Amino acid sequence: QVELVESGGGSVQVGGSLRLSCVASGLTFDRKDFGWFRRAPGKERELVARIDWRYSVPFHVDAVQGRFTISRDNAKNTVYLQMNSLKPEDTAVYYCAARAADYHPWEHWGQGTQVTVSP
């Protein structure tokens, strides 16, 4: 059974930092792409960042480019999202997801972790 467990969320002030972790089990970790998504109140879920399995090439959407960094540690079956210079608009539930490769659907999801950024 595949399980993705996120942790590291919390409440911070503007400009603060958080590091989210996603520990995966029940899958071949080093053969999966991973992504971080978020859903803000009243909005659709959106991709924040992803990292592929073959070359660990990271991708970040424009809204977080230069502030967030996705990384993975295959030895620990863990994906990270380092979030710096947080803004109120980053407030959301953050989800970890896994897929087989590019252009494949995101087939496995975690339960999410809340991030709240206050002015």
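How many bridges pair strand 4 with strand 5, and in which sense do the two strands run? Strand 4 and strand 5 pair in the antiparallel sense, over five bridges. Strands here are DSSP runs of E with at least two residues, numbered from the N terminus, and two strands pair if DSSP finds at least two bridges between them. This is a predicted model, in which local features need pLDDT of at least 70 and side-chain atom pairs count only at pLDDT 80 or more, while totals for chains, interfaces and linings use all residues. Residues are numbered from 1 along each chain as its sequence is written, and side-chain values use heavy atoms, with hydrogens and water left out.

Six of the seven residues of strand 4 are buried, where buried means under 20% relative accessible area, exposed over 50%, and partly exposed in between (1.4 Å probe, protein chains only).

Strand 3 has pairings of its own. Strand 1 (residues 3-7) pairs with strand 3 in the antiparallel sense over five bridges, and Glu-3 has Ser-25 in strand 3 as its bridge partner. Six bridges join strand 3 to strand 8, again antiparallel, with Leu-20 opposite Leu-81 in strand 8.

Next comes the core. In soluble globular proteins, nonpolar side chains tend to be buried together. A nonpolar core is a set of buried Ala, Val, Leu, Ile, Met, Phe, Trp, Tyr and Cys residues joined through side-chain atoms within 4.5 Å. The largest one here has 27 residues, and Phe-34, Trp-36, Leu-81, Met-83 and Tyr-94 touch the most other members. Among the strands that each supply at least two residues of this core are strand 3 (18-25), strand 4 (33-39) and strand 9 (92-99). Not counting residues up to four places away in sequence, Met-83 touches residues including Leu-20, Phe-68, Tyr-94 and Val-115; contact means heavy atoms within 4.5 Å.

Glu-107 lies in the loop between strand 9 and strand 10 (108-109). Glu-107 counts as partly exposed because its relative accessibility is 42%. Leaving aside neighbours within four places in sequence, Glu-107 is in contact with Lys-32, Ala-98, Arg-99 and Ala-100.

Technical notes: Helices (H or I, at least four residues) and strands (E, at least two) are DSSP runs, numbered from the N terminus.
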